[in-house]
Amino acid sequence: MMKIVLMIVGMAVCFFSFAQTPRGNRGGQQMTGRLYGKVVDVANKGIEAASVTLVKKQTDSVTKASKEIVVGGMLSTPKGDFSIENVPAFGRYTLRVTGIGYKPFEQAVSFQMPNRNAGNTDATEVMGALDKDLGNIKLQIDDKTLSAVTVTASKPLLQMGIDRKVFNVDKNIVSAGGSAVDVMKNVPSVSVDIDGNVTLRNATPQIFVDGRPTNLTLEQIPADAIESVEVITNPSAKFDASGGGAGMLNIVLKKNKKVGYSGNVRANVDSRGRLGAGGDFNIRQNKVNFFASGNFNQRKSVGTGTTSRTTFGDTISNSLQQDHNNMSGAFGFGRAGFDFLLDNRNTVTVSGTYASGKMKPYTNSDITIDSIYNKNGNDTALNWYNHRISNSVNNFKHYGYQLSYKHTFPKTGHELTADANYQSGSNSNTNLIQTDYYRLPEKDFDHAYRQQQLGNGTNSNLILQTDYTNPLTDNAKLELGARAARRKVNSATDYLAILPDGRAFHLPGQNIVYNSEDRVYAAYATFSNRIGKFGYQTGLRAESSNYQGILPVKNETFNIKFPISLFPSIFLNDKLSDNDELQLNYSRRINRPNFWQLFPFTDYSDSLNISRGNPDLKPEFTNSFELSYSKTFKNRDNFIASIYFKNTNDLITRYQRKEVDTIFSKNPIFVNTYINANRSYVTGLELIGRNAITKWWDITSNINLFTAKINLDTLPTPNQFISYFLKINNTFKLPKNFSIQLSADYQSKIISAPGGSGSSGGGRGGFGGGASSTAQGFIRPSYGVDAAIRYDFLKNKAASLSLNVNDIFRTKKYDVHTESTLFSQDAVRRRDWQVFRLNFNYRFGKFDANLFKRKNTKAENDTTPDNANY
């Protein structure tokens, strides 16, 4: 109430001064106002560092000659915004805007003050007149100037903010020619295991592409198609609540909007003889911006694994399994679309993606089993040697379509967007397994068993979303939005036993058809404001979700319903100085179990790692708190320190249970499945720094220390200990256009993914699940080092050659220990070490506003001012 009274009094004083002050008075009480707007290019994209100057003519008191004086000015912000304060209310001015590569712009401006003699002028009208929006100031490209300019400034590898970090992929030469998995290996806060499963602060994040969920896995997205990766550790209520407390990773694909044409072509070959090629093309003229990209990559993956297990009970057995894996294949990725500028403030975008691939995994396994049976007080030894060969063929296809609309209002930041996103895919898998059984110690052949595993499935995902943003004042902003999502997955699997004569028959109970549909409806509202140096944002998201799984063959149905779930978020921000910032935030999020975690199919392809989903899983809910401090130094170095705490209820975790095999051996087996733990707690400290050590050496470092605790009713609570994750990325700029990148990471002993299992962090080419937590063990330490060197050549460094290598010292591994009262198991796996890849890249383009333009067209004779507001 006091603020309202003060505001009314202030407006009254302002009005009284206006009414009583003569027009010619230029004394200390003269009224002043503000002129603001936005400097944009022909694509309505903000222009950074444009010079905005306000001048007026004045007669020199000595010479009596007319001269110009500068009233105010500034350089436009990264978004193109400018604001000139304390401009005298009465006077005529000239606004001048210049930018490198653009034609100069001039415009006469003044305040249209209300007529004070009309008798009906109020203070609100006066205040409104003194806060004038000049709209969008559109600069045209100056071809003559631009042709003489060589741009040497570039984005850094990492741009850091207190709410998100942006990793620019173009500067990451160690991932050239690879996939999104290779990109993630160098993103701060992100860890990638040998199977390509991604975790963010040791929990699996939600993966987005261009701000929307995707059916693509990271292995299916080429690194060369990615512009940047945005890391958001604690999203607000504006974002999808899925993903638990792991945050989100947004992959931004490349798209250029500069007038003219541009693109690049690339090719690569690795040390295993696999080839890759791709290209991007963009053309922008008048109201249409067309973009397209395509990539084709061959892959050969090599891996080894060792699993040892001791089983306790009436039968004590020791088993040792040694695996040699080889997977070869290829995949392609394509994307195309266009932006159509209906007018200065309305844009429609249509785009589509396509991906397909074929992979052929092959596994050769040697298994020895030493067992001691106790029967009637007598111990009987039985030893076996098994040789198993698994031969698979996996195919996938993906289609994606997006229609977007954007309307911008004259006021900067005021906009309305709406889009529809539809994705669909299909996959088919065939796996032929043959096992030969030998009795030890003589290694006498006993029998052979052949089986075939068949699988196929389809999926579709439809998302409708609209967002509205309204900057109510310079410091206050209101955001509203609504979202509807529907995801359908149909999957069918079957097991066939193959007789010696080649005949096959279906195994009873192993023909599994599972169809699921997941619907989520959401709406959100956030309000943010800044009072002096203190800012805050409050938000609330409401989601209604309904999951249904159906087993048609068994006539069984599974339902998970949450009619209304509320997800609040609060962000408090204190700008201690121009270079120091402190933020405290809280959010509540949900992690819904993914398809593979729910799929009730028993996979027998690995006899020591039998797995099955659990359709009775419940979603997990996470409350996240984070306190962050950000510091920017004079040399533009950055430092961020964050303390975080996450409490997850009904944590989805891996669990091994003992069962009797009713299909094959009729003996007891251990099945890897999923359960809901009571809850988990994660407390951590993360430090991130980006430093320019010298003019030729930049370093980005990241350390994450955390401790986790999982509570289970059915098992003793695992021992709690402190874990840590280190990552460092060095970039060296050498003479003669050479540059070197050296990156390394180290992960200590951890409880696997205690912060939540997420739903889309897997990178296994679309044929498997993802990383998940285990309440029965831990993962041992692992580290790896990658390196790359690049040489830029031709005019303006248009071409480059680079050579990169991963896991130089062959140290990256997945080493996990699992135990209970019934068994103890250790498994170690390695994959794709010391792979060299040679890459070539050539960039081309011409940014010419008159390119492809015909003479005597309407566009050339259009006299509409460039900065007109529609």
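These legends describe close-up views of a predicted model.

**View 1. Four strands form an open antiparallel sheet.**
The strand order is β3-β2-β5-β6. At the edges are β3 (66–75) and β6 (105–109), and each of these pairs on one side only. From one strand to the next, the twist averages 25°. Strands in a sheet are held in pairs by backbone hydrogen bonds, in either a parallel or an antiparallel arrangement. In this view, β5 (residues 93–98) and β6 are antiparallel and share five bridges. Leucine 95 has glutamine 107, in β6, as its bridge partner.

**View 2. Three strands form an open sheet with mixed pairing.**
Here the order is β4-β1-β7. The edge strands, β4 (81–88) and β7 (131–138), each pair on one side only. Neighbouring strands are turned by 20° against each other on average, with direction ignored. Strand β1 (residues 32–40) pairs with β4 in the antiparallel sense, over six bridges. Leucine 35 has isoleucine 84, in β4, as its bridge partner.

**View 3. The largest nonpolar core has 29 residues.**
In soluble globular proteins, nonpolar side chains tend to be buried together. Met184, Ile226 and Ile251 have the most contacts inside this core. Several elements each supply at least two of its residues, including β14 (226–232), β15 (248–253), β19 (315–343) and β20 (346–375). The largest share, four residues, comes from α4. With neighbours within four places in sequence left aside, the contacts of isoleucine 251 include Ala180, Met184, Ile207, Leu218, Ile221 and Ile226. A second, separate core has 21 residues, among them Ile560, Phe599, Phe601 and Val671.

**View 4. Phenylalanine 331 lies in strand β19.**
Is phenylalanine 331 buried or exposed? Phenylalanine 331 counts as buried because its relative accessibility is 3%, which falls under the 20% limit. Leaving aside neighbours within four places in sequence, phenylalanine 331 is in contact with several residues, including Glu219, Pro222, Asn295, Phe296, Arg299, Met359 and Phe396.

**View 5. Lysine 397 lies in strand β21 (residues 378–408).**
Lysine 397 counts as partly exposed because its relative accessibility is 41%, a value between the limits of 20% and 50%. Along the chain, lysine 397 and glycine 425 are 28 residues apart, while their C-alpha atoms are separated by 5.3 Å.

A search of the whole structure finds nine cavities of 30 Å³ or more. The second largest cavity is lined by 19 residues, and those closest to its centre are Val209, Thr353, Gln402, Asn421 and Gln423. Which strand gives the most to this lining? Strand β21 does, with four residues. At least two residues of the lining come from each of β13 (212–213), β19, β20, β21 and β22 (415–439).

Notes:
Residues numbered from 1 in each chain as written. Predicted model: local features only at pLDDT ≥ 70, side-chain atom pairs only at ≥ 80, totals over all residues. Heavy atoms only, no water. Pairing = 2+ DSSP bridges. Axes fitted to C-alpha atoms, helices over the stretch in contact; angles between N-to-C directions. Core = buried A, V, L, I, M, F, W, Y, C linked by side-chain atoms within 4.5 Å. Buried < 20%, exposed > 50% of the residue type's maximum accessible area, 1.4 Å probe, protein only. Contact = heavy atoms within 4.5 Å. 1 Å grid on protein atoms, 1.4 Å probe; cavity = no way out; pocket = protein on both sides within 12 Å on 5 of 7 lines; lining within 4 Å. Points joined across faces, edges and corners; volume = space filled by probe spheres on them.
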